[in-house]
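Student: I would like to learn how to read the features of a model like this one. Please take them one at a time, general idea before the case.

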Amino acid sequence: MRKNVLLLETVAEEALMALQAAVNVFTGYDEASLKAALERDDIHAIITRGKGLINKPLMDACPQLQVVARCGVGLDNVDVAAATARKVLVINAPGSNAATMAEHTLSLMLMGMRNMYESVAQVKQNNWNWRNQYAGDELNGKTLGILGMGNIGQRVARLGEAFGMEVVYWSRSAHDLPYQRVEVAELLQRSDVVSLHLPFNNDTNGIIGAQQLGLMKPSAWLINTARGALVDHIALLQVLQAQKIGGYAADVLPEEPPQQSLPVVQHPRAIVTPHAGSLTIATYKKICQLTISNVVAALTGKSPDPNSIYNRHAL
């Protein structure tokens with residue numbers, strides 16, 4: 001018997017075709033279609049990307065649920081605890097976006113440190129003479145401080161090293177890496193660029209606040225491609241306005257699209273991209289295909305990649 005899968009958001013065409021070949025697919029892209037899909041009581045899997053919430057009420061509405069999945073790495077929009085309590089597999093795509101997010105991080109570093117965004121904007125305004133007042137620097141010879149040394153953090157470290165940067169890092173546990181591990185305060189004081197690559201949880205929520213920002217060099221850039229809520233945006237706006245840090249570059253915000261953090265987004269020393277770091281053609285396809293293949297495996301009696309089952313140790 002073919003299993004039934006509820007899609008809360010679109011996925012890459014190749015992944016959708018593979019899913020449709022193996023299971024019955026129902027969509028819940030809006031409130032009306034979701035309500036119609038939930039009239040069934042035999043939904044076996046729910047798949048989302050970054051916005052569709054897989055929460056307890058949705059799982060309660062699917063009594064035959066076996067799998068919930070996110071085409072991505074972070075699981076902020078999936079209630080993992082509720083799924084685990086139901087013995088439901090939680091599938092994601094760990095490590096699949098490491099290369100592209102590291103590239104995006106370096107792009108933000110370069111744009112900020114070299115004042116590249118403003119350079120391009122001035123030329124588009126036919127102001128070639130802006131070069132006479134250009135003020136920018138380079139990554140070579142600078143210290144890169146990385147908070148969080150997972151897959152992405154390690155790739156960023158290697159790229160920074162290739163640009164001639166000295167790399168220091170902090171993580172909860174030491175890694176066998178050719179970089180010095182230091183405490184957070186020392187990292188903030190020493191670094192010309194601070195890059196965040198921490199997961200979001202109760203311990204990391206607001207980990208960069210007024211006290212931490214106060215330790216940074218007045219010329220230092222803070223880069224955040226992890227989670228917006230790692231940074232206290234009220235404190236961040238204050239240091240940007242007081243010119244106490246060089247600038248802020250991010251791909252993530254506490255709320256998206258921005259509302260309360262809009263003054264940060266609009267600040268002239270801030271560069272913010274719309275959570276698009278992993279939306280490259282190659283990575284989008286990869287994330288969707290990996291997730292779909294593991295969901296199909298779980299529903300058809302095959303073995304998903306064990307690393308894709310986020311709650312495997314709790315089941």
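Student: In what order do the 5 strands of the open sheet lie, and what is the pairing?

Tutor: First, the ground rules. This is a predicted model, in which local features need pLDDT of at least 70 and side-chain atom pairs count only at pLDDT 80 or more, while totals for chains, interfaces and linings use all residues. Residues are numbered from 1 along each chain as its sequence is written, and side-chain values use heavy atoms, with hydrogens and water left out. Helices (H or I, at least four residues) and strands (E, at least two) are DSSP runs, numbered from the N terminus. Two strands pair if DSSP finds at least two bridges between them. Here the order is β2-β1-β3-β4-β5, and the pairing is parallel. At the edges are β2 (24–27) and β5 (89–91), each of which pairs on one side only. Neighbouring strands of this sheet are turned by 20° against each other on average, direction ignored.

Student: How many bridges join β4 to β5?

Tutor: The count is 3, and the two strands run parallel. Valine 67, for example, has leucine 89 in β5 as its bridge partner. Between β3 and β4, also parallel, there are 4 bridges; there isoleucine 46 is partnered by valine 68 in β4.

Student: Which residues of β4 are buried on its two sides?

Tutor: Buried means under 20% relative accessible area, exposed means over 50%, and partly exposed lies in between (1.4 Å probe, protein chains only). In β4, Val67 and Ala69 are buried on one side, and Val68 and Arg70 on the other, which leaves both faces covered.

Student: Which strands of the sheet does helix α12 touch?

Tutor: Contact means heavy atoms within 4.5 Å. Axes are lines fitted to C-alpha atoms, for helices over the stretch in contact, and angles run from 0 to 180 degrees between N-to-C directions. Helix α12 (residues 281–299) packs on the sheet and touches β1 (4–7), β3 (45–48), β4 and β5, with its direction at about 175° to that of β4. Its buried residues, among them Ile287, Cys288, Thr291 and Val295, pack against β1, α1 (13–22), β3, β4, β5 and α5 (98–113). An α-helix has 3.6 residues a turn, so residues three or four places apart point the same way.

Student: What span should the 19 residues of α12 have?

Tutor: The expected span of a helix is 1.5 Å times one less than its number of residues. For α12 that gives 27 Å, and the end C-alpha atoms are 27 Å apart, which agrees. Just after the helix, glycine 301 has a positive phi of about 80°.

Student: What is the strand order of the open sheet of 7 strands?

Tutor: The order is β8-β7-β6-β9-β10-β11-β12, with parallel pairing. Strands β8 (180–181) and β12 (270–272) each have a single partner strand, so one side of each lacks a neighbour in the sheet. By contrast, 5 bridges join β6 to β7, where leucine 144 stands opposite valine 167. Since 4 of the 5 residues of β7 are buried, this strand is largely enclosed by the rest of the structure. Helix α7 (residues 151–162) lies across β6 (143–147), β7 and β9 (193–196), at about 175° to β6.

Student: How many aromatic pairs does the structure hold?

Tutor: Rings of Phe, Tyr and Trp (its six-membered ring) pair if their centres lie within 6.5 Å; planes under 30 degrees apart count as stacked, over 60 as edge-to-face and the rest as tilted. The structure holds 1 such pair. Tryptophan 130 and tyrosine 134 are edge-to-face, at 5.9 Å centre to centre and 75° between the planes. Tryptophan 130 is buried at 10% relative accessible area, whereas tyrosine 134 is partly exposed at 35%.

Student: How many disulfides does a search of the whole structure find?

Tutor: A disulfide is a pair of cysteine sulfur atoms within 2.5 Å. The search finds 0. For cysteine 62, the nearest cysteine sulfur is that of cysteine 71, 17 Å away. The sulfur of cysteine 71 has its closest cysteine sulfur in cysteine 288, at 4.3 Å, too far for a bond. Cysteine 62 is buried at 3% relative accessible area, and cysteine 71 is buried at 5%.
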